[in-house]
Amino acid sequence: MKKKILEKDKNFIWHPFTQSKLSSDPKIIISAMDEKLTDIEGNEYIDLISSWWVNIHGHGRKDISEAIFKQVKKLDQVVFAGLTHEPAVNLAEKLSKLLPHGLNRVFYSDNGSTSVEIALKVAYQFWYNRDKKKKKFVAFNGGYHGDTLGAMSVGFSSGFYKPFNDLVFETFFIPFPDNWKGNNSINEEEDKAFRYIDSIISDNCNELAAIIIEPLIQGASGMKICRPEFLNKVVKKFQSNNILVIFDEVMTGFGRTGKMFASDFLDVKPDIICLAKSLTGGCIPLAATVFQEKIHQEFVDLNFNKTFLHGHSFTANPIACSAAIKSLEIFEEENTLVKVKNIEKIHQEGLSLLSKNPIISKTRFLGGVAAFDIIGFDKGYGAKIGEKIKNNFLKKGFLIRPLGETIYLMPPFCIKQNTLLKAYDELDKELYKIKI
Ligand SMILES: *Cc1c(COP(=O)(O)O)cnc(C)c1O
């Protein structure tokens, strides 16, 4: 059985972000429950990355699958242009109540990249509809926003897209002042970023459509964390110069930072916010790009040319919307954010244990996310050190997926305290075994 599946996998599958020539055979996962994954041989793995950052309440939630089953029997899918349905409108209302005030116009799609693509296109057409030509975007160094072309353009500095250099549109990249325990140059780093921002704005004042930001945590570039006071100032600088602000909360949304949204740590609010990954609790794809009403109003006109002509086959799929509604209800029923706070405490403890090892640097955490870097080995997304630690740790029954020399833990919120403590303990032992 195992051999057959692997053979078919080899013959027919192209895996994401994977160089098959350098990778060992994938594990065949046959089931998942809570924070555990089970493979075809009966081995169990603790899912310390929430299945690529999506699963928040844990796997195999009965209440979410019941919501899905109920919905699929009633209305499985329907075109969303010209028609509407209850799951979509109820979810939109729920989201607008949870989001910072004023973000209340919801455009649905299927994944994080499309939610970003929609944000960028709307930002661009917003100015076009006002007879303004603003075609440049601003983003942060290392920012990651998805793998479609627009998202790649604003995420170009992440380093994943070298072959596409000639294909992406022009974007300005600001240095990202990431912080960690014991960083004593953060003020200078932030000042440097501010100076850069001021010069971009003054040189291109009438040409900048929007800035896109992963608020507080840059995910794919290595779980880099900045200070909320820094972002408050950044957002004010752009908004006061008539430049739209897009928050990409695809990773940070839905409790990951310890609050419902990273935005909730800030005094400012974005004009546009992108949501996906954990929106449905992480069991079925759905995304939403949510706008301030003033943005939407720029598209409401008797002139058809002002329409946003964009849509996806599965826009607002009713099954996915029902799962999302249930996931949001769970936050209230189970006080989910308290669970995240408890995880944060263990992260803090675990990191201080790990940081005694001299190969560990830049420990950082926020809410359900903890990260650190390994020093003294190779660096970059393809770094062998990360792969080695990952493979060794998998043998112990823990699934992680290092970003180069950065190791991070981001478990589902249902993880038991003892399990997470044990993960830190085992990781600590594993890291002491690493030899240069
Ligand atoms: C994962 C991610 C995306 C892309 O989402 P997909 O669903 O993988 O297309 C965009 N932005 C951020 C911040 C992400 O972490």
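User: How much space lies in the second largest pocket?

Analyst: This is a predicted model, in which local features need pLDDT of at least 70, side-chain atom pairs count only at pLDDT 80 or more, and totals for chains, interfaces and linings use all residues. Residues are numbered from 1 along each chain as its sequence is written, and side-chain values use heavy atoms, with hydrogens and water left out. On a 1 Å grid over the protein atoms alone, a pocket is an open set of points where a 1.4 Å probe fits, with protein on both sides within 12 Å along at least five of seven lines, and lining residues have an atom within 4 Å of a point. With grid points joined across faces, edges and corners, and volume taken as the space filled by probe spheres set on the points, the second largest pocket holds about 560 Å³.

User: Which residues that line the second largest pocket are the closest to its centre?

Analyst: The lining of the second largest pocket has 21 residues. Those closest to the centre are Val106, Phe107, His296, Phe308 and His310.

User: Which element gives the most to the lining of the second largest pocket?

Analyst: Helices (H or I, at least four residues) and strands (E, at least two) are DSSP runs, numbered from the N terminus. The elements that give two or more residues to this lining are strand 4 (103-109) and helix 9 (293-297). With four residues, the one that gives the most is strand 4.

User: Which residue in the turn between strand 2 and strand 3 has a positive phi of about 90°?

Analyst: In the hairpin of strand 1 and strand 2, with two residues between the strands, aspartate 34 takes a positive phi near 50°. The hairpin of strand 2 and strand 3 has four residues between them, and the residue in its turn with a positive phi of about 90° is glycine 42.

User: In strand 16, what is the bridge partner of alanine 370?

Analyst: Strand 14 (residues 369-374) pairs with strand 16 in the antiparallel sense over four bridges. In strand 16 (residues 406-409), Thr406 and Tyr408 point one way while Ile407 and Leu409 point the other way, and all are buried, where buried means under 20% relative accessible area, exposed over 50% and partly exposed in between (1.4 Å probe, protein chains only). The bridge partner of alanine 370 in this strand is leucine 409.

User: How many residues apart in sequence are the parts that aspartate 25 and lysine 10 tie together?

Analyst: A salt bridge is a side-chain nitrogen of Lys or Arg within 4 Å of a carboxyl oxygen of Asp or Glu, and the side chains of aspartate 25 and lysine 10 meet in one at 3.2 Å, N to O. Aspartate 25 is partly exposed at 48% relative accessibility, whereas lysine 10 is exposed at 61%. Because aspartate 25 lies in the loop between helix 1 and strand 1 while lysine 10 lies in helix 1, the pair ties together parts that are apart in sequence by 15 residues.

User: Is arginine 364 buried or exposed?

Analyst: The side chains of arginine 364 and aspartate 373 meet in a salt bridge of 3.0 Å, N to O. Aspartate 373, with a relative accessible area of 12%, is buried. Arginine 364 has 4% relative accessibility, so it counts as buried.

User: How many salt bridges does the structure hold?

Analyst: Another of these pairs joins lysine 237 and aspartate 198 at 2.9 Å, N to O, and it links helix 8 (residues 228-239) with helix 7 (residues 186-203), the two residues being 39 residues apart. Lys396, Glu426, Lys429, Glu430 and Lys433 are linked in a network of salt bridges. The number of salt bridges in the structure is 25.

Notes: Pairing = 2+ DSSP bridges.
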